[in-house]
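Please read them alongside the sequence and the structure shown here.

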Amino acid sequence: MNSALALQLIRFGFLALLWLFVLAAMRVIRSDLRSSGQPRIAVPPPPRRRGGKSGGASRPAPGAPSHLFVTEGGLTGTRIGLTGAPVLIGRANDSTLVLEDDYASTRHARISLQDGMWMVEDLGSTNGTYVGSRKVDSPVPLEIGVPVRIGKTVLELR
């Protein structure tokens, strides 16, 4: 009798876990359906100035590129101003450019200003980051008009 009770409790426990899984899956699907499909772009704050000295962050040179422009993908036409602050790209909600792309990682790539040049760096993504046709494996300088591909999204420095 005692083993029959234990077997019944295991069955109920398994059934409860199964329902928790189903409810969690439905919650994810519902949140995906509720998303509006509008691009979510976090505008980075302007760099702080400390007593008139440059505080370690480099600044863009005059005549340097002023924005990133998305040329292909779900966010085509999106423009992100370059202020000198790093631009994080990925699926995470706190990224500067939030990609709703199955081929992009949560924290996919970072574009940052280093010694007056914009550099792109892959952050250990699954599918990689490409500048032109070259896969990025270390920080690579970006040139104006050269496409950067992250999943299905292509962007350019302009």
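1. In this predicted model, strands β10 (residues 148-150) and β11 run antiparallel and are joined by 3 bridges. Within this pair, isoleucine 150 stands opposite threonine 153 of β11. The two strands form a hairpin with 2 residues between them. Glycine 151, located in the turn, has a positive phi of about 65°.

2. The other pairing to consider for β11 (residues 153-157) is with β1; 4 bridges join these two strands, which again run antiparallel. Phenylalanine 69 has glutamate 156 as its bridge partner in β11, and valine 70 stands opposite leucine 155.

3. Histidine 67 stands opposite glycine 81 in β2. This hairpin has 6 residues between its strands, and glycine 73 in the turn has a positive phi of about 110°.

4. The pairings described above belong to an open sheet of 6 strands, ordered β2-β1-β11-β10-β7-β8, with antiparallel pairing. Its edge strands are β2 and β8 (134-135), each of which pairs on one side only.

5. Which residues have the most contacts inside the largest nonpolar core? This core has 23 residues, and the residues in question are Leu68, Ile89, Leu97, Ile111, Val120, Leu142 and Leu155. Two or more residues come from each of β1, β3 (87-90), β5, β6 (117-122), β10 and β11. Strand β5 gives the most to this core, with 3 residues. In soluble globular proteins, nonpolar side chains tend to be buried together.

6. Leaving aside residues up to four places away in sequence, leucine 68 touches Thr78, Arg79, Ile80, Leu82, Val87, Ile111, Leu155, Glu156 and Leu157.

7. Is serine 112 buried or exposed? This residue, found in strand β5 (residues 109-114), counts as buried because its relative accessibility is 8%, against a cut-off of under 20%. The side chain of serine 112 makes a polar contact of 3.3 Å with the side chain of glutamine 114. Apart from residues up to four places away in sequence, serine 112 touches Pro86, Met117, Trp118 and Met119.

8. A final point concerns confidence. The protein chain has a mean pLDDT of 83, and 79% of its residues reach 70 or more.

Key
Residues numbered from 1 in each chain as written. Predicted model: local features only at pLDDT ≥ 70, side-chain atom pairs only at ≥ 80, totals over all residues. Heavy atoms only, no water. Buried < 20%, exposed > 50% of the residue type's maximum accessible area, 1.4 Å probe, protein only. Polar contact = N/O pair within 3.5 Å; in protein donor to acceptor, adjacent residues only side chain to side chain. Contact = heavy atoms within 4.5 Å. Pairing = 2+ DSSP bridges. pLDDT = per-residue confidence, 0-100. Core = buried A, V, L, I, M, F, W, Y, C linked by side-chain atoms within 4.5 Å.
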